[in-house]
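This briefing covers one protein model, grouped by topic. Please look over the sequence and the 3D structure before reading the points that follow.

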Amino acid sequence: MARLPTRRALLAAVLGVSWQQRLLGHHGVAAAWRRRCFSAGSKAEDSSRVTPMLKHLMFKIKSTGPITVAEYMREVLTNPVKGYYIHHDMLGERGDFVTSPEISQIFGELIGIWYVSEWMATGKPKTLQLVELGPGRGTLTDDILRVFNQLGSLLNKCDISIHLVEVSPKLSEIQALTLTGGKIQPELDVTSPVYMKGISKAGIPIFWYRELQDVPQGTSFYLAHEFFDALPIHKFQRTERGWREVLIDIDPEAPDQLRFVLAPSATPATENFIQSKEVRDHVEVCPDAGILIQRLACRIQEDGGAALIADYGHNGNKTDTFRSFRSHELHDALIAPGTADLTADVDFSYLRIMTQGRVATLGPLKQHEFLKNMGIDVRLQVLLQNSSDKAMHKHLLQGYDMLMNPKKMGDRFHFFALLPHQRFAHSDQKVDLRHSKALSATVAGFGELVWK
Ligand code: SAH
């Protein structure tokens, strides 16, 4: 209970200040997020259907037979030569989709406050590694670092470092520009898992890696925003003869086209990935997400810290969410692969199961509730009061609506947290330590703020 006034003071210190307004960006908030189709693009018609990626996949299928949806997603998104994420910037109005940190600076600021609040709640450890998985354009970390900078007097004795896990050379270049202004060095030590390093505008060291396993152990605060939805899923369908995996094959009627087919018999995947009590007829499973969440849970259990995961998703009840986006419009996932984003909703219940009780989990909580609990209304008012620029007012209000409106991102996006059990050592020991409302109340964002 002693924590609440401190958190209140922290929020007042950050939300109420009249400091930096992010400049109006390269795109407005009119661009569409990945779930909706607000504006039509023109790119779709330009590019040919027979992409280098399609040729690569056709060759693969001709050589070894139909491939799983997971293999298709992995190849299309992160193939080191032709992958969608590897060579282009897909974010923003001119890209294929836009994300919350790109829409409003308030989003990243509130997340920054969440990390400082958790850092304080875990006894202000002397080191703070902020680890972001899939940092996009680097905007979210940049907004978080502004908060850290603002709270310099609180954090000045803490050794802060930033660790970015990113597969895309193109996006890591943009991240470096956003975060360091271009002050980076390639890592010359070929044995080092770090592939690039730099110093933030405020002097904080930043390191880039390709995988979470490469990030040094130690008290770490993890962030994954719209990252888990890009991980490859397996798709399954219930048939009269039992579960069958959905595969991707060449369409015999149109040799330049791919189609979905069902595996003729059960495979190890159907045996291993479908729960015996499953009631749905179509199921998507993301084993990569399961492995990743286990790694995060083990790290947090051993070293402390916390993880905040924000994505669109469900609690184990949705069936068919695999889809593709190009130029802010839904796109056929099997057409012109490599030119469009592929995504599937995150199954938070699966993530919770895969933590195996090593950590406490909170959420999933709808984005509009989380941001409200974090004080978005106060921050919006402060920013509005501190600007007389009409364009800025419009931008802030449109951004708020996009993030909070239940029909837009407010209801579809969810926040999910992993926290060490010790974090709740002083809470009522009788409650179930894994997920309970009583515990939520002690964690910023997951409980209603008292200071209102
Ligand atoms: N978090 C950002 C960007 C989301 S897009 C935002 O909210 O704006 C997904 C990000 O994850 C991109 O940076 C992409 O390059 C990265 N990514 C996708 N798959 C990845 C993988 N397997 N390993 C590491 N990074 C990956």
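Is Ala360 buried or exposed? Ala360 is buried, at a relative accessible area of 1%, where buried means under 20% relative accessible area, exposed means over 50% and partly exposed lies in between (1.4 Å probe, protein chains only). The model is predicted: local features need pLDDT of at least 70 and side-chain atom pairs count only at pLDDT 80 or more, while totals for chains, interfaces and linings use all residues. Residues are numbered from 1 along each chain as its sequence is written, and side-chain values use heavy atoms, with hydrogens and water left out.

**Overall make-up**

- The protein chain has 18 helices and 18 strands; helices (H or I, at least four residues) and strands (E, at least two) are DSSP runs numbered from the N terminus.
- Of the 452 residues of the protein chain, 56% count as buried.
- The protein chain exposes about 19400 Å², with 53% of that area supplied by carbon and sulfur atoms; accessible areas come from the Shrake-Rupley method with a 1.4 Å probe, and for residues only the protein chains shown count as cover.
- Among contacts (heavy atoms within 4.5 Å) in the protein chain between residues at least 6 apart in sequence, 76% join residues at least 24 apart.

**Nonpolar cores**

- In soluble globular proteins, nonpolar side chains tend to be buried together.
- A nonpolar core here is a set of buried Ala, Val, Leu, Ile, Met, Phe, Trp, Tyr and Cys residues joined through side-chain atoms within 4.5 Å.
- The largest nonpolar core has 65 residues, and Trp114, Phe148 and Phe446 touch the most other members.
- Helix α7 (residues 105–121) gives the largest share of this core, 10 residues.
- A second, separate core has 63 residues, including Tyr84, Met90, Leu231 and Leu418.
- Leaving aside residues up to four places away in sequence, Phe148 touches Gly112, Tyr115, Val116, Leu128, Leu130, Leu155 and Ile160.

**Cavities and pockets**

- Grid points are joined across faces, edges and corners, and a volume is the space filled by probe spheres set on the points.
- The structure holds five cavities of 30 Å³ or more, and the largest cavity has a volume of about 140 Å³.
- The largest cavity is lined by 19 residues, of which Ile233, Cys286, Asp345, Val346 and Asp347 lie nearest its centre.
- At least two residues of the lining of the largest cavity come from each of β11 (282–285), β16 (346–347) and α13 (348–354).
- The lining of the largest cavity has 10 nonpolar, three polar and six charged residues, where Ala, Val, Leu, Ile, Met, Phe, Trp, Tyr, Cys and Pro count as nonpolar, Asp, Glu, Lys and Arg as charged, and the others, Gly among them, as polar.
- The largest pocket has a volume of about 840 Å³.
- Lining the largest pocket are 39 residues, of which Thr78, Gly134, Val167, Phe227 and Leu231 lie nearest its centre.
- Two or more lining residues of the largest pocket come from each of α4 (69–78), α6 (100–103), β2 (127–133), α8 (139–150) and α12 (287–303).
- By class, the largest pocket's lining divides into 20 nonpolar, eight polar and 11 charged residues.

**Backbone geometry**

- Most residues other than glycine have a negative phi, and most peptide bonds are trans.
- The peptide bond from Gly363 to Pro364 is cis, with omega near 5°, and Pro364 lies in strand β17.
- Glu226 has a positive phi, near 50°; Glu226 sits in the loop between β7 (220–225) and β8 (234–239) and is buried at 8% relative accessibility.
- Ser327 also has a positive phi, about 45°; Ser327 is in the loop between β13 (323–326) and β14 (329–331) and is buried, with a relative accessible area of 5%.

- Ala360 lies in strand β17 (residues 360–366), and its C-alpha atom is 9.2 Å from that of Gln422, 62 residues apart along the chain.
- Ala444, in the segment after α18 (437–440), is buried at 3% relative accessibility.
- Ala444 and Ser117 are 327 residues apart in sequence and 6.9 Å apart in space, C-alpha to C-alpha.
- Glu132, in strand β2, is buried with a relative accessible area of 3%.
- The C-alpha atoms of Glu132 and His225 are separated by 8.3 Å, at 93 residues apart along the chain.
- Not counting residues up to four places away in sequence, Glu132 touches Leu140, Thr141, His163, Leu164, Val165 and Leu223.

Methods
1 Å grid on protein atoms, 1.4 Å probe; cavity = no way out; pocket = protein on both sides within 12 Å on 5 of 7 lines; lining within 4 Å.
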